[in-house]
Amino acid sequence: MSARSNHRSQRITGLLLIPAFIATAITGVGFYFAGFDTPHEVWEQWATAHTVSGVLMAILAILHIYQHWRWYKSFFTHGVGRKSLVTLLLSMVFLLLFITGLVLIIVIDGPNSWVGTFHFWIGLALIGFSLWHI
């Protein structure tokens, strides 16, 4: 792949991440608050919307990380150095959020689990680090 087409694909992925990020953040907060005195059908709708937007966000984020893998590779070989601390923290928070999201989808059944609450708070941290990263 040429440098120009690689840059173009990175730009497209970055632009697609923005609406996926917004949708995931909105549906995550809505889903969390729908767990308090809301009819179960409404909670399920928020859950579905958040799951769909979260999967899309995860796919795009993984693609984004892959496209910048040289940056990560240099981190592993040369250490932090001048690397962005925000990007490192964002990557670690994303990984934790990704893992807890998978646990919630595959293992946890039903609302109000401690993993879901932890996932929500990690999601808020991801929102902050993502805005800082952008």
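**A guided tour**

Select Glu44 first: its relative accessibility is 39%, so Glu44 counts as partly exposed. The term covers values between buried, which is under 20% relative accessible area, and exposed, which is over 50% (1.4 Å probe, protein chains only). Glu44 belongs to helix H2, residues 40-67.

The model is predicted; local features need pLDDT of at least 70, side-chain atom pairs count only at pLDDT 80 or more, and totals for chains, interfaces and linings use all residues. Residues are numbered from 1 along each chain as its sequence is written, and side-chain values use heavy atoms, with hydrogens and water left out.

**The whole chain**

Show the entire protein as a cartoon. The secondary structure comes to five helices and zero strands; helices (H or I, at least four residues) and strands (E, at least two) are DSSP runs, numbered from the N terminus. Along the principal axes, the C-alpha atoms fill a box of roughly 50 × 30 × 25 Å. Of the 134 residues, 31% count as buried.

**Thr24 in helix H1**

Next, select Thr24, which lies in helix H1, residues 3-34. Is Thr24 buried or exposed? Its relative accessibility is 14%, so Thr24 counts as buried. Leaving aside residues up to four places away in sequence, Thr24 touches His50, Ser53, Gly54 and Met57. Contact here means heavy atoms within 4.5 Å.

**Helices H3 and H4**

Select helix H3 (residues 69-78) together with helix H4 (residues 85-106): they pack at an angle of about 100 degrees, with their axes 12 Å apart. The axes are lines fitted to C-alpha atoms over the stretch in contact, and angles run from 0 to 180 degrees between N-to-C directions. This angle makes H3 roughly perpendicular to H4, a term used for 65 to 115 degrees. Display the side chains of Trp71, Tyr72 and Phe75 in H3, which meet Thr87, Leu88 and Ser91 in H4. The residues of this contact divide into four nonpolar, two polar and no charged.

**Helix H5**

Finally, select helix H5, residues 114-133. At 1.5 Å a residue, its 20 residues should span 28 Å, and the end C-alpha atoms are 28 Å apart, which agrees. The expected span is 1.5 Å times one less than the number of residues. Colour the buried residues of H5, among them Val115, His119, Ile122 and Leu126.

Conventions:
Parallel < 35°, antiparallel > 145°, perpendicular 65-115°, else oblique. Nonpolar A, V, L, I, M, F, W, Y, C, P; charged D, E, K, R; others polar.
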